[in-house]
Amino acid sequence: MRPDKITKAHEDLSDHADAVSDQVKRLAGVTEKLLRDNKKGIIERQFQQKRLADNIADIFAQVAVLSRVSHIFEDQGVEPSGQERFIADTFCSRAASRVVSRFDQVETNDDERMTAIAKLAYKRGSYGYALFED
């Protein structure tokens with residue numbers, strides 16, 4: 001995403017736009033570091049790939065919400081658009097929290113444990129315990 005800052009969002013949404021800009025910058029940094037550290041081995045880093053893909057989806061969704069609500073603000077004014085503002089605030093705050101959490105999990109996670117559990121289940125041919133009775 002270029003430029004480095006979202007400039008088309010309505011000024012009343014600038015806090016969210018700035019947060020999204022920061023998320024995009026962090027996405028670039030985290031992605032570059034993963035590629036540098038893992039090179040072709042990135043193909044095997046599926047947990048990290050999923051985190052990045054989920055973050056890209058949440059970032060894109062925030063941009064879409066900001067775009068839509070900015071258009072509504074320009075068209076109808078900020079005051080009459082209280083519901084849209086409430087939705088934008090809620091969605092962007094929640095999405096930003098998910099994005100930050102996933103970025104933090106790129107370095108500190110339980111991926112090895114999850115892989116070990118999956119390998120054990122695969123070796124057994126199933127989970128091994130009945131979750132529901134027939």
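1. A residue counts as buried under 20% relative accessible area, as exposed over 50%, and as partly exposed in between (1.4 Å probe, protein chains only). By that scale Glu-107 is exposed, with a relative accessible area of 56%. Lys-33 is partly exposed at 36%.

2. On provenance: this is a predicted model, in which local features need pLDDT of at least 70 and side-chain atom pairs count only at pLDDT 80 or more, while totals for chains, interfaces and linings use all residues. Residues are numbered from 1 along each chain as its sequence is written, and side-chain values use heavy atoms, with hydrogens and water left out.

3. Salt bridges. The term covers a side-chain nitrogen of Lys or Arg within 4 Å of a carboxyl oxygen of Asp or Glu. The whole structure contains 9 of them. One joins the side chains of Lys-33 and Glu-107, at 3.9 Å from N to O. Lys-33 belongs to helix 1 (residues 14–38) and Glu-107 to helix 3 (residues 82–107), so this pair ties together parts 74 residues apart in sequence. Helices here are DSSP runs (H or I, at least four residues), numbered from the N terminus. Lys-33 and Glu-107 are also linked with Asp-37 in a network of salt bridges.

4. A second pair to check is Arg-51 and Asp-111, whose closest N and O atoms are 2.7 Å apart.

5. Within helix 2 (residues 46–76), Asp-54 and Lys-50 are 4 residues apart, about one helical turn. They form a salt bridge with 2.6 Å between the closest N and O atoms. Asp-54 is partly exposed, with 25% relative accessibility.

6. The largest pocket. A pocket is an open set of points on a 1 Å grid over the protein atoms alone, where a 1.4 Å probe fits, with protein on both sides within 12 Å along at least five of seven lines; lining residues have an atom within 4 Å of a point. Its volume, about 360 Å³, is the space filled by probe spheres set on the points, which are joined across faces, edges and corners. Of the 15 lining residues, Glu-44, Arg-45, Phe-47, Gln-48 and Asp-111 lie nearest the centre.

7. Each of helix 1, helix 2, helix 3 and helix 4 supplies at least two residues of that lining, and helix 1 gives the largest share, 4 residues. By type, the lining has 3 nonpolar, 5 polar and 7 charged residues. In this count Ala, Val, Leu, Ile, Met, Phe, Trp, Tyr, Cys and Pro are nonpolar, Asp, Glu, Lys and Arg are charged, and the others, Gly among them, are polar.

8. Surface patch. Phe-47, Met-114 and Ile-117 make up a nonpolar patch with about 260 Å² of accessible area together. Patch residues have over 30% relative accessible area and no salt bridge, nonpolar side chains (Val, Leu, Ile, Met, Phe, Trp, Tyr) being joined within 5 Å. Areas come from the Shrake-Rupley method with a 1.4 Å probe. Ile-117 sits in helix 4 (residues 111–124) and is partly exposed at 46%.

9. Backbone. Lys-39 is not a glycine, yet has a positive phi of about 45 degrees. Lys-39 lies in the loop between helix 1 and helix 2 and is exposed, at 60% relative accessibility.

Key: Patches are made of residues with over 30% relative accessible area and no salt bridge: like charges are joined within 9 Å, nonpolar side chains (Val, Leu, Ile, Met, Phe, Trp, Tyr) within 5 Å.
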